[in-house]
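Please look over the sequence and the structure first.

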Amino acid sequence: FTSEFMDFMAAQRKYSNSDSGKIYNTSRVIEGKFMNLLEKEPIKRNKMHWAIGPFNPVMTSTSSNNSSIGQRHKCLTWLDKQSPKSVIFISFGTTTSLTDEQIKELCIGLERSDTKFIWALRDADKGDIFSGDVRKFELPNGYEERIKNKGIIVRDWAPQLEILGHFSTGGFMSHCGWNSCMESLSTGVPIIAWPMHSDQPRNSILITKFLKVGILMNNWEHRNEVVTSNTVERAVKTLVSSNEGNEIRKRAADLGVAIRKSAVEGGVTRKELESFIGHINR
């Protein structure tokens, strides 16, 4: 964390003695075991704990039949033409900048994997908030022409939740920021985890080791090394065309169903939300 963020957290601690509880952007379907452990901690006792996530809208699969014509992003129209669960969505959020060498290796790995993909590579993401650098992503010469039948590069804003909820999306290569994790889990999409900083390494362990709804692209201890094209290719192929990948995809789909059910009337998340509303309305 930056020193400014650490100062902000420290400034909030004096209020912790007067709060009556906490709300969490998670679901007991996802982290029930850990919520139960948290509630047993001495410092947390006599406090309320409400897991009312996901905070993102819980969606079902999208297609041209349930989106307004003329208002849809072009990538969704492209997705409409692809086979179910055949496309990998790639996005590393708004606080990460890859080196030119890493971009080249990622490009080669995606091309060799022979898998359809959407890559969100926005100009808005060309800087790294931790370094202050500002630069433009450069793809290898002729790359977009070579992959025009396999994938698309989205350089403006991409409708991530709609992409993840689309019937053609079968995987998400992600930095494992928590919002992205929650969106992917709630839509039942497995994750190729590539953590970059902050909470992302811990989130990736939850996804791959505990929930087992994803595979790890790069171990955290090797975070300063370039991930090779062979590693990228292997990770994508493992998820989309292996027995291991089949099991991961099935678990992700089942978890997505459970999360969505938890948010409707009678579900555990809905009950948590009702408890929270009841508490603040006393």
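Which residues in α9 meet residues in α10, and which are they in α10? T238, L239, V240 and S241 in α9 meet E244, G245, I248 and R249 in α10, a contact being heavy atoms within 4.5 Å.

This is a predicted model, in which local features need pLDDT of at least 70, side-chain atom pairs count only at pLDDT 80 or more, and totals for chains, interfaces and linings use all residues. Residues are numbered from 1 along each chain as its sequence is written, and side-chain values use heavy atoms, with hydrogens and water left out.

**Helix pairs**

Helices (H or I, at least four residues) and strands (E, at least two) are DSSP runs, numbered from the N terminus. Axes are lines fitted to C-alpha atoms, for helices over the stretch in contact, and angles run from 0 to 180 degrees between N-to-C directions.

| Helix pair | Residues | Angle | Axes |
|---|---|---|---|
| α7 and α8 | 178-186 and 200-210 | roughly 20° | within 10 Å |
| α9 and α10 | 229-241 and 243-262 | about 65° | 5 Å apart |

The angle makes α7 roughly parallel to α8 (under 35 degrees). W178, C181 and L185 of α7 touch N203, L206 and I207 of α8. These residues divide into five nonpolar, one polar and no charged. Here Ala, Val, Leu, Ile, Met, Phe, Trp, Tyr, Cys and Pro count as nonpolar, Asp, Glu, Lys and Arg as charged, and the others, Gly among them, as polar.

Helices α9 and α10 are therefore roughly perpendicular to each other (65 to 115 degrees). Their contact has three nonpolar, three polar and two charged residues.

**Backbone details**

Most residues other than glycine have a negative phi, and most peptide bonds are trans. G53 and P54 are joined by a cis peptide bond, with omega about 5°. P54 sits in the loop between β2 (48-51) and α3 (74-80). D114 is not a glycine, yet has a positive phi of about 55°. D114 lies in the loop between α4 (100-113) and β4 (116-120).

**Confidence**

The predictor's confidence in each residue is its pLDDT, from 0 to 100. The protein has a mean pLDDT of 88, and 90% of its residues reach 70 or more. Among the elements, helix α5 (residues 143-146) has the lowest mean pLDDT (88) and strand β7 (residues 191-193) the highest (97). Over residues 61-68, pLDDT stays under 50, and the model has 17 contacts beyond four places in sequence for them.

Note on methods
Parallel < 35°, antiparallel > 145°, perpendicular 65-115°, else oblique.
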